[in-house]
Amino acid sequence: MKKSYIADLESLTPLIGREIIMNGAKIALFRLSDDNVKAIENRCPHKNGPLAEGTVSGTDVFCPLHDYKISLETGLVAAPDDGCVKTYETLVENGKIYLVTNA
């Protein structure tokens, strides 16, 4: 397991996304209302909308372009739409957010 520091928890506004770039990948970070942090690919599978600019509701984000509902936990688009985005494991320790990989 490898963990890479990406941000301080306090730097994220709850329910507002932020884009980070890690190893060339655009990732959308979201601090949920319970302080859990979710990370997904920052690209809607429909029209490549920037998901970090979407509206968060519970554990879902709505694409700002066409309102596709995407799970921040699984990356799956809710029916009747389809598609998925990559999800990333996060870890919060002592107010620091890390992206966790198997490398």
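A residue counts as buried when its relative accessible area is under 20%. In this predicted model, Cys-63 has a relative accessible area of 4% and is therefore buried. Cys-44 falls into the buried class as well, at 1% relative accessibility.

The two cysteines can be considered together. The cysteine sulfur closest to that of Cys-63 belongs to Cys-44, at 3.8 Å. Seen from Cys-44, the closest cysteine sulfur is in turn that of Cys-63. A disulfide requires sulfur atoms within 2.5 Å, so the separation of 3.8 Å is too far for a bond between Cys-44 and Cys-63. By this criterion the model contains zero disulfides.

Asn-42 is located in the loop that connects β4 (37-41) with β5 (55-57). With a relative accessible area of 8%, Asn-42 is buried. Its side chain takes part in a polar contact of 2.8 Å with the side chain of Glu-19. The Asn-42 side chain also reaches a backbone atom, the nitrogen of Leu-51, at 2.8 Å. Leaving aside residues up to four places away in sequence, Asn-42 touches Glu-19, Lys-26, Ile-27, Ala-28, Gly-49, Pro-50, Leu-51 and Ala-52.

On the scale of the annotated region, the unreviewed UniProt entry assigns "domain: Rieske" to residues 4-99. Within that span, 44% is strand and 0% is helix.

Terms used. Residues are numbered from 1 along each chain as its sequence is written. This is a predicted model: local features need pLDDT of at least 70, side-chain atom pairs count only at pLDDT 80 or more; totals for chains, interfaces and linings use all residues. Side-chain values use heavy atoms; hydrogens and water are left out. Helices (H or I, at least four residues) and strands (E, at least two) are DSSP runs, numbered from the N terminus. Buried means under 20% relative accessible area, exposed over 50%, partly exposed in between (1.4 Å probe, protein chains only). A polar contact is a pair of N or O atoms within 3.5 Å; within protein, one must be able to donate a hydrogen and the other to accept it, and residues adjacent in sequence count only if both atoms are side-chain atoms. Contact means heavy atoms within 4.5 Å. UniProt positions are given in the numbering used here, feature names are shortened, and annotations may be inferred rather than shown by experiment.
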